Amino acid sequence: SADVPDSTYPDGALADEAIRRVRAAASNPGQPFLIAVGFVKPHLPFVAPRRYWDQHDPAKFELPERRDPPDGAPSFAPTNWGELRQYGGIPATGPLSDDATRTMIHGYYAATSYMDAQLGRVLDALDDSGAAENTIVVVWGDHGWHLGDHGMWCKHTNYEEAARIPLIVVAPRDGRPGTRARGFVETVDLYPTLCELAGLTPPDKLDGTSFAELVRDPSLSGDDHVFHVYPRGERIGRAIRTERYRLVEWKKPGAPEGTAEIELYDYAEDPGETKNRASEQPEVVSELRARLSRQPEARVWRDTPEN
């Protein structure tokens with residue numbers, strides 16, 4: 001949290017470079033362009049210039065209410081947050097203290113505010129260049145993050161806080177500014193969506209499908225489910241998420257279906273994912289596993305120690 005200019009930290013320097021590229025691209029209006037800007041924050045470590053820490057009062061942060069894994073979840077399903085434990089001041093085992101938890105949340109907010117400011121600088125440059133009215137902008141993250149909920153930190157789970165991502169699409173001629181779409185989308189859908197919005201023909205046999213119709217009309221329902229996957233050791237956790245449920249099927253690739261361990265969370269009854277309800281709702285488990293079975297069998301995965 002050094003008291004330094006934004007560009008002293010990596011994301012400020014990234015924004016400087018992105019601004020240079022935006023201006024260069026806009027100076028040649030006859031040439032289409034794609035600029036991908038990969039900001040680091042709010043990834044670990046939670047570092048940012050001091051001014052972004054000062055924007056937030058840590059006394060106002062609410063500490064996680066539940067600091068235990070869901071009741072009835074497999075013992076291997078939660079993360080041991082090994083990524084965070086590699087940093088100084090973090091205990092090698094066991095939970096964080098309340099003070100450490102508050103500091104970590106403060107750092108996450110500071111890092112996010114810092115990144116947000118850098119994104120704002122790039123978007124201001126796009127506006128100033130005159131190219132904004134003809135440029136599609138997508139802001140997205142590749143995963144969520146546990147901030148002490150369920151006693152977990154980092155991203156290595158199949159739970160809501162890790163699997164849900166931020167996603168904002170601005171399409172000047174197609175979008176509906178300031179609206180929120182409720183349809184489910186996956187990251188593999190981004191490429192075909194950009195192709196459609198840009199008037200390009202995508203290749204055949206893509207995994208994803210375009211959600212451009214949701215950009216044009218957010219009131220549409222879109223897909224009613226998404227899939228996601230995270231491994232744990234030799235097991236693969238294949239998951240399906242609907243409006244009401246998340247089911248996770250844990251088993252070794254190629255193993256019989258009967259060997260799987262199942263998690264089921266009912267967000268109508270339990271929005272905080274406090275209890276695995278697979279044994280209570282066998283008919284829901286059966287229906288969701290049938291939909292999950294339409295996906296290809298998982299491949300062998302070699303997990304990394306920190307996960």
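Residues are numbered from 1 along each chain as its sequence is written, and side-chain values use heavy atoms, with hydrogens and water left out. Because the model is predicted, local features need pLDDT of at least 70 and side-chain atom pairs count only at pLDDT 80 or more, while totals for chains, interfaces and linings use all residues.

A search of the whole structure gives 25 salt bridges, a salt bridge being a side-chain nitrogen of Lys or Arg within 4 Å of a carboxyl oxygen of Asp or Glu. One of them joins Arg-51 to Asp-6, with the closest N and O atoms 2.5 Å apart. This pair links distant parts of the chain, 45 residues apart: Arg-51 is in helix 2 (residues 50-54) and Asp-6 in the segment before helix 1 (10-26). Helices (H or I, at least four residues) and strands (E, at least two) are DSSP runs, numbered from the N terminus. Asp-6 is buried, at a relative accessible area of 16%, whereas Arg-51 is partly exposed at 37%; buried means under 20% relative accessible area, exposed over 50%, and partly exposed in between (1.4 Å probe, protein chains only).

A salt bridge is also formed by the side chains of Arg-67 and Asp-98 (2.8 Å, N to O). Arg-67 lies in the loop between helix 2 and helix 3 (82-85) and Asp-98 in helix 4 (residues 98-129), so the pair ties together parts 31 residues apart in sequence. Arg-67 is partly exposed, with a relative accessible area of 33%, and Asp-98 is partly exposed at 40%.

Asn-276 is located in the loop between strand 8 (261-266) and helix 8 (282-292). Asn-276 counts as buried because its relative accessibility is 11%. Its side chain reaches the backbone nitrogen of Leu-264 at 2.8 Å and that of Ala-278 at 3.1 Å. With neighbours within four places in sequence left aside, the residues in contact with Asn-276 (heavy atoms within 4.5 Å) include Asp-71, Gly-72, Ala-73 and Ile-262.

In helix 6 (residues 190-197), the buried residues are Leu-190, Pro-192, Thr-193, Cys-195 and Leu-197. These buried residues pack against strand 1 (137-140), strand 4 (167-170) and helix 7 (212-216).

Notes. A polar contact is a pair of N or O atoms within 3.5 Å; within protein, one must be able to donate a hydrogen and the other to accept it, and residues adjacent in sequence count only if both atoms are side-chain atoms.
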